[in-house]
Amino acid sequence: MLTEHLDRIRAHLKPEGDLKRAFSQIWPRITQSCRDALTREAERYFNLPIPVWTATEMLRGAPNYHQSYAMRRQMLAAFVMCACVHDTDRYDARIFDLVWAICEESSWALFGGESLPVRENPYTREAAETAALLSWANCLAYKPIWRMSSSLDGRIRREITRRVSDPVSKNMEFPTSDPAVLSPLLVAVLLSEQDSPRRWGAVRRLAYWMEEGIGRLYSPSIDIWQEAGGHFMDALTILYFATGNEIDLRRMLRSFSTMPLHANLAGNWWVNPGERSMQSSPSGAALYRFGRGTGNDQLRALGAKLFRMEAPLSHPENMTGRVLSAMYEADIDRESLRPGSLPSGSPAGSSLAVARVERFTAAIHAGDPSSIHCDAGDLSLFFRGRPVFFDLGSGHHSTGAHNLPSIDSQGQLPGGKIAFLESQIRHDAHYLSADIAESYPDRLGLETWQRTVMLPFDRCEVRIIEMFGFAREKHNIEFHFITPEMPSLEETYAVIGELVLEWERGLVPSVENLGSAWRINLSIDRPVRSGNATFIIRPVEN
C-alpha cells in the first residue's frame, strides 16, 4: 500500500521548513472553546517545577520516575499549544527549560526493573512519542525557542538525528510493526530532519515497516482498531502535508473505515473483546479524522457526534492528535451530517459480524488469540439501545463469563483458535453464524458446533440456534447468558426486564449473581453426543 507510492512521495517531499510555515497558519482558526481549554491546562501547570528523578528511581522503575517522566511531556505539550493559540511569550522560559531537560535525558524510552540504557532505543512507544513531541515543539513553538536562544533549535534537530533518523535509516533489520511506534517516528523525521538523504532514508524505511502493521486494523476490538487506525491516519495526514498536499494516501485505508460503524452497538457500547470494556470511549475527534481522511461521511459524522458529547481534552491524545484535533475542531462544530442507520454485516477481512433489525442489534466476534479471554464466538445482544446479553470485560476471562456454552464444565483455552463467522441477509431474516468447534480444546472431541443467530424481518424477536456433535463420548452441556438485569426464572423461560428468554423442555435452568451482572445457566438434563437447542428472545408484550 505505502511502498508502491515511494517514488511519488520522494518526488514531492518538501523541506521540513514548509511544514513549519503551513502549521503557523492554523492558529487564528482555532475555536474559542479550544483556546479556553488549552489555556486552563497550561495555567494549571505554569507554577509547577520541572519534575526530576534519580538514576536509582529510573533503574527500579519507581512510581516517581514514571510520574515525572509523563508530567514533563504533559507540561511541554500544554505550554506549546497554549503559546501558539495566543501567540504569547508567557510560556517561553517554561518551553525552553522543558525541551532542554528532555533533550538531556539519557534515554527517551521508559525503563524500569532492568539495567540502565546504554544507547537509545527508538522502537518503544515512549521514545517515539517523545521524538514526535520535541519535533512538534520545534515546528510550532519556533518563536518562543528563538526568543530564548536559537541554539535550542539545533539541539532538537541533533537529538532527532542521533536518536531517530540515523538509527532508523541504517537499520537493516525489522524492529516492529506497531503503528504506535512507527507513526510518531515518521512524524518526527518529517518535521525535524533537515538532511534530505537522511530524511528520505528514514521515511522509506518506516514506510516499509508500517505496511506490516496494517493487519491490526482487522481487529474486532474498537480499542485496538482506534489505536492503530488513529496513528496510521495521523501519520498519513502529516505525510500529505509534507508533500505539499500532492500525495494523499489516506483513501487507501477506506476499506477499514467501516469497522467502527459496525462495532458501535448503541451509544457508547462497542464490540470490544478481550481484556477491555464494552463501554469504551473512543475519541470522537480521531474517528472524525479517519472518516474525513478516507472520505467516509458516515464515520466522519459519527466522530463529530461523539466529539460533541465529550468534555474538552477528555481524551489524552498524543501531540500529533492534539494538533490535528485543534486544527479540525471548527470543522467538527460545523458538521451537519448525521451518522444515520449504522450498517449490518461483516466488514471485509474483519473478525466481527453485526445484524440490526427493528429494535434488536446482535453481534458475534471471532475472538482475540492474543488475549487471555476465552471468548471466540461470544454473542452480544441489545434491545432499544440497551444491553440484553453482554461481555463483562476486564477481569472476566473464562468462557463461563461469556455468552458461550461450556462442555463438562470446561471452556475454551487462552490463545485458542478464532471462530469462523458468516453474515447472510436472506428474504426472511438476517443470519449471523459462527463455527466455534475448533475454539474448544481437542481433548473434548468436539467435531462440530454451529451457532446461528436469526433476526427475522417480519416479527420482533431473535432466535439463537445451537447445533453440535462430538466424535465419541457423551458430554454434559451448559449454555450461559450474561445479562445486566436480574432475571425472573421459570421452568421454560426467564423474564429479563421488558424481554422474555424462552427455551425448550429438557434444559435445567438456574441463575447466578456475578456481582455486576447475572448469569443464566441452562444445562441439558443428560449427557449427549449430539443435539441442538433453540432460544427465543422477544418483548414481553409479544
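Reader: Which residue in β18 is the bridge partner of Val-500?
Author: This is a predicted model, in which local features need pLDDT of at least 70, side-chain atom pairs count only at pLDDT 80 or more, and totals for chains, interfaces and linings use all residues. Residues are numbered from 1 along each chain as its sequence is written, and side-chain values use heavy atoms, with hydrogens and water left out. Strand β18 (residues 530–539) runs antiparallel to β15, and four bridges join the two; strands count as paired if DSSP finds at least two bridges between them. Within β18, the partner of Val-500 is Arg-538.

Reader: Which residue takes a positive phi in the hairpin of β14 and β15?
Author: Strands β14 (residues 493–496) and β15 (residues 499–502) run antiparallel and are joined by four bridges. Ala-494 stands opposite Leu-501 of β15. The hairpin has two residues between its strands, and the one with a positive phi, near 65°, is Gly-497.

Reader: How many helices and strands does the secondary structure of the chain come to?
Author: Both element types are DSSP runs numbered from the N terminus: a helix is H or I over at least four residues, a strand is E over at least two. By that count the secondary structure of the chain comes to 16 helices and 18 strands.

Reader: Which residue in β4 stands opposite Val-354?
Author: Six bridges pair β3 with strand β4 (residues 360–365) in the antiparallel sense. In general, strands of a sheet pair through backbone hydrogen bonds, either parallel or antiparallel. Opposite Val-354, the residue in β4 is Ala-363.

Reader: Is Glu-358 buried or exposed?
Author: Glu-358 lies in the loop between β3 and β4. It has a positive phi of about 50°, although it is not a glycine. Relative accessible area sets the class: under 20% is buried, over 50% exposed, and in between partly exposed (1.4 Å probe, protein chains only). With 57% relative accessibility, Glu-358 therefore counts as exposed.

Reader: What does Asp-408 count as at 28% relative accessibility?
Author: Asp-408 lies in the loop between β7 (406–407) and β8 (420–425). It is not a glycine, yet it has a positive phi of about 50°. Because its relative accessibility is 28%, Asp-408 counts as partly exposed.

Reader: Is Ser-351 buried or exposed?
Author: Ser-351 is found in the loop between α16 (319–334) and β3 (352–357). Contact means heavy atoms within 4.5 Å; leaving aside neighbours within four places in sequence, Ser-351 is in contact with Tyr-218, Ser-219, Pro-220, His-365, Ala-366 and Leu-421. Its relative accessibility is 14%, so Ser-351 counts as buried.

Reader: What distance separates the C-alpha atoms of Leu-287 and Ala-242?
Author: Leu-287 lies in helix α14 (residues 284–294) and counts as buried because its relative accessibility is 0%. Beyond four places in sequence, the residues it touches include Trp-225, Trp-270, Leu-299 and Leu-306. Ala-242 is 45 residues away along the chain, and the C-alpha separation is 22 Å.

Reader: What radius of gyration does the chain have?
Author: The C-alpha trace spans about 80 × 50 × 50 Å along its principal axes, and 58% of the 542 residues count as buried. The radius is taken over C-alpha atoms, and the globule rule is 2.2 Å times the number of residues to the power 0.38. For 542 residues a compact globule would have a radius near 24 Å, which agrees with the value for the chain, 26 Å.
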